[in-house]
Amino acid sequence: MSEPGAAAPSPLLTAPILPTLLRFALPNMGAMLATALAAIAETAYVGRFGSPALAGMALVFPFVMFQMMLSAGAMGGGVSSAVSRALGAGHPERANALAVHAVWIALAAGAVYMVAMLTLGEALLSALGGQGEALAQAMAYAHVAFLGSVFVWLVNTLASVIRGAGNMAVPSVTLFAVALLQVALGGALGLGWGPFPRLGMAGVAAGSVVAYGAGAAWLWWHLASGRARIALNMRATRFERALFADILRVGAVACISPLQTVLTILILTRLVAQFGTEALAGYGIGTRLEFLLVPIAFAVGVASVPLVGMAIGAGRIARARRAAWTAAALATVILGGLGLIVTLAPDLWTGLFSQDPAVLAAAAGYFLWAGPVYGLFGLGLSLYFSSLGAGKAIGPVLAGTLRLVMVAGGGALLALWQTPTWTIFALLSAGMAVYGLSSVLFVRLTPWGVERS
């Protein structure tokens, strides 16, 4: 390995923070917009199958997004952080070896997630209150979607390797293409466009599996061909416990955060399920937007990871913190604006998926409480990604713990008192606010290292 400082300093250590952050975030936003549109298209397709299918999607969607948050956000953030810190410290060979170790983690994690969901999925969805036709529709989707778990983990891990080296264009273009392919294939196979058979929920899920498989193949070839700053050489790289530890000490701890997020949503889903299929369908439409806020905040937050990580690796702690707070402010403004829109005009979103008055009313009640605090939710999410770049995931995890405890405890009381649905949405809103504000506090109190001149 080269000695620290042997390579020329990265421009990420000297470039102005806000312009660089915007330059990195914009391609990510384009990719995340495409991903969001793919999710909207999937829900629109499912809406053609009726309210039970929408309710089934509300049951299974948290597990789909949990996988995305684990692979792209938590473990992906750990991968980007390790790669960027290695490059910032002047160790390109270490960065290459870290990429290989990240691939092995992705293969193992994807296989475990696939087996877990295929064997335990029905029990988990039943525990959430799924029954009858809604449960059958959810399982029809799950049995196909989770066959592609390894592809999802590979796409997000390889994209994280490339982002860690400061390249946002290739991952963004790839995810954009994956989303377009997912929309086309999901519609063709789910609804039976053209010569394709109408496969229903299984067809919608199959479109996602094929699209992510193609994306994984492309990114693997890109890294293995030597076209990227990071070289992926699986055969020549030996396993090193220290390299696995470098990724997992951040990524494994960070995985607690999406687990907390999904547990929070699952608790609320179970509370809403007691009010019937229409209420669950409306809530599912609302929470789908909440889950899509994660990729939007991801677009900003992940742009800060190489800026923060390389600055940490070079001992530029003050610069790392400036990058983190700049990204947090940007995410707050973007998500706060979206929250204001759906608070004032909820049918702009809900009307894409259903015209059932009961479903529209349930979704409107959700947005009335959740929309005003989306900005604080974005604030916390952005600080989560920046903390991964710094290799300090504990602060956002503690913030997520506060949110989960608040929702679990409050939810138990609401269930005992048999309160109306609006109280559940109010609890959700308070949890988001606590998450954002406590993230600020914990990040401020967590030391990120000692400044080196």
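These legends walk you through several close-up views of a predicted model. Because this is a prediction, local features need pLDDT of at least 70 and side-chain atom pairs count only at pLDDT 80 or more, while totals for chains, interfaces and linings use all residues. Residues are numbered from 1 along each chain as its sequence is written, and side-chain values use heavy atoms, with hydrogens and water left out.

**View 1. Asp246 and its salt bridges.** Let's start with charged side chains. A salt bridge here is a side-chain nitrogen of Lys or Arg within 4 Å of a carboxyl oxygen of Asp or Glu, and by this rule the count comes to three. Asp246 pairs with Arg85, with the closest N and O atoms 3.3 Å apart. Asp246 belongs to helix α8 (residues 241-254) and Arg85 to helix α2, so this pair ties together parts that are 161 residues apart in sequence. Helices are DSSP runs (H or I, at least four residues), numbered from the N terminus. Both Asp246 and Arg85 are buried; that word means under 20% relative accessible area, whereas exposed means over 50% and partly exposed lies in between (1.4 Å probe, protein chains only).

View 2. Asp246 is buried because its relative accessible area is 8%, whereas Arg94, at 22%, is partly exposed. Arg249 meets Asp246 in a salt bridge too (3.6 Å, N to O). Both of these residues lie in helix α8, three residues apart, about one turn of the helix. An α-helix has 3.6 residues a turn, so residues three or four places apart point the same way. Shared partners join Arg85, Arg94, Asp246 and Arg249 into one network of salt bridges.

**View 3. Tyr374 in the nonpolar core.** Next comes the inside. A nonpolar core is a set of buried Ala, Val, Leu, Ile, Met, Phe, Trp, Tyr and Cys residues joined through side-chain atoms within 4.5 Å. The largest such core has 159 residues, of which Tyr141, Ile230, Tyr366, Tyr374 and Trp448 touch the most other members. Helix α2 (residues 51-88) provides the largest share of this core, 23 residues. Tyr374 has contacts (heavy atoms within 4.5 Å) that include Leu289, Leu335, Val342, Phe367 and Met432, leaving aside residues up to four places away in sequence.

**View 4. Leu18 and a nonpolar surface patch.** Leu18, Leu22 and Leu26 make a nonpolar surface patch of about 260 Å². Leu18 lies in helix α1 (residues 17-47), and this residue counts as partly exposed because its relative accessibility is 44%. Such patches are made of residues with over 30% relative accessible area and no salt bridge, with nonpolar side chains (Val, Leu, Ile, Met, Phe, Trp, Tyr) joined within 5 Å and like charges within 9 Å. The areas come from the Shrake-Rupley method with a 1.4 Å probe.

View 5. Helix α7 (residues 201-224) has 24 residues and reaches 35 Å from its first C-alpha to its last. That is close to the 34 Å expected at 1.5 Å a residue, where the expected span is 1.5 Å times one less than the number of residues. Just after α7, Gly226 takes a positive phi of about 85 degrees.

Technical notes
Helices (H or I, at least four residues) and strands (E, at least two) are DSSP runs, numbered from the N terminus.
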